[in-house]
Amino acid sequence: MSDHLDPEEASLTCDPRLGEAVRLFNASEWYACHDGFEALWHETQGPCRRTLQGILQIAVAHHHLDRGNQRGAMVLLGEGLGRLQGAGAVQFNLALDPLREAARDRLLALHQNRSLADLPLPKLTVISADS
């Protein structure tokens, strides 16, 4: 990990809207967190944009699952994982590896027509800025 954040990432990391979107994501409030991430995504131009979109797509995938749209969920999980592929292990003080792992496991289960009941929902783990 680099000690240097790019200015856009530093700004996003401190933005209270990001914290609220993360809180809503972790509460499985998929549509509401989508709105928060989307607002930030629209304002972002640099490399952070892909990561925000990946998180957003994973949230929307779960909104689709809640509404019974398994096909839409599979498409968005795959797209979200693709967008997160180039991101590091941590961005915006969020651990991305556990998010990618949970999304990958759930996507695989959907492709195999297995139940998601035993698979954890994806969460965004905040990494302390002090660590």
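Start at Cys 48. The closest cysteine sulfur to that of Cys 48 belongs to Cys 14, and it lies 12 Å away, too far for a bond. A disulfide would need the two sulfur atoms within 2.5 Å. The structure, a predicted model, accordingly holds zero disulfides.

Cys 48 is buried, at 1% relative accessibility. Cys 14 is exposed, with a relative accessible area of 65%.

Now turn to the interior. In soluble globular proteins, nonpolar side chains tend to be buried together. Here the largest nonpolar core has 36 residues. Phe 25, Phe 37, Leu 52, Ile 55, Leu 99 and Leu 124 touch the most other members. At least two core residues come from each of helices H2 (16-26), H3 (30-43), H4 (48-66), H5 (70-84) and H6 (96-111). H4 gives the most, with eight residues.

Setting aside neighbours within four places in sequence, Leu 52 is in contact with Leu 12, Leu 18, Phe 37, Leu 40, Trp 41, Thr 44 and Phe 92.

Last comes the sheet. Strands of a sheet pair through backbone hydrogen bonds, either parallel or antiparallel. This sheet is open, has three strands in the order S1-S2-S3, and is antiparallel. S1 (90-91) and S3 (125-126) are the edge strands; each has a single partner strand, so one side of each is left without a neighbour in the sheet. S1 pairs with S2 (residues 94-95) over two bridges. Gln 91 has Leu 94, in S2, as its bridge partner.

Conventions:
Residues numbered from 1 in each chain as written. Predicted model: local features only at pLDDT ≥ 70, side-chain atom pairs only at ≥ 80, totals over all residues. Heavy atoms only, no water. Pairing = 2+ DSSP bridges. Helix = DSSP H or I, 4+ residues; strand = E, 2+ residues; numbered from the N terminus. Core = buried A, V, L, I, M, F, W, Y, C linked by side-chain atoms within 4.5 Å. Buried < 20%, exposed > 50% of the residue type's maximum accessible area, 1.4 Å probe, protein only. Contact = heavy atoms within 4.5 Å.
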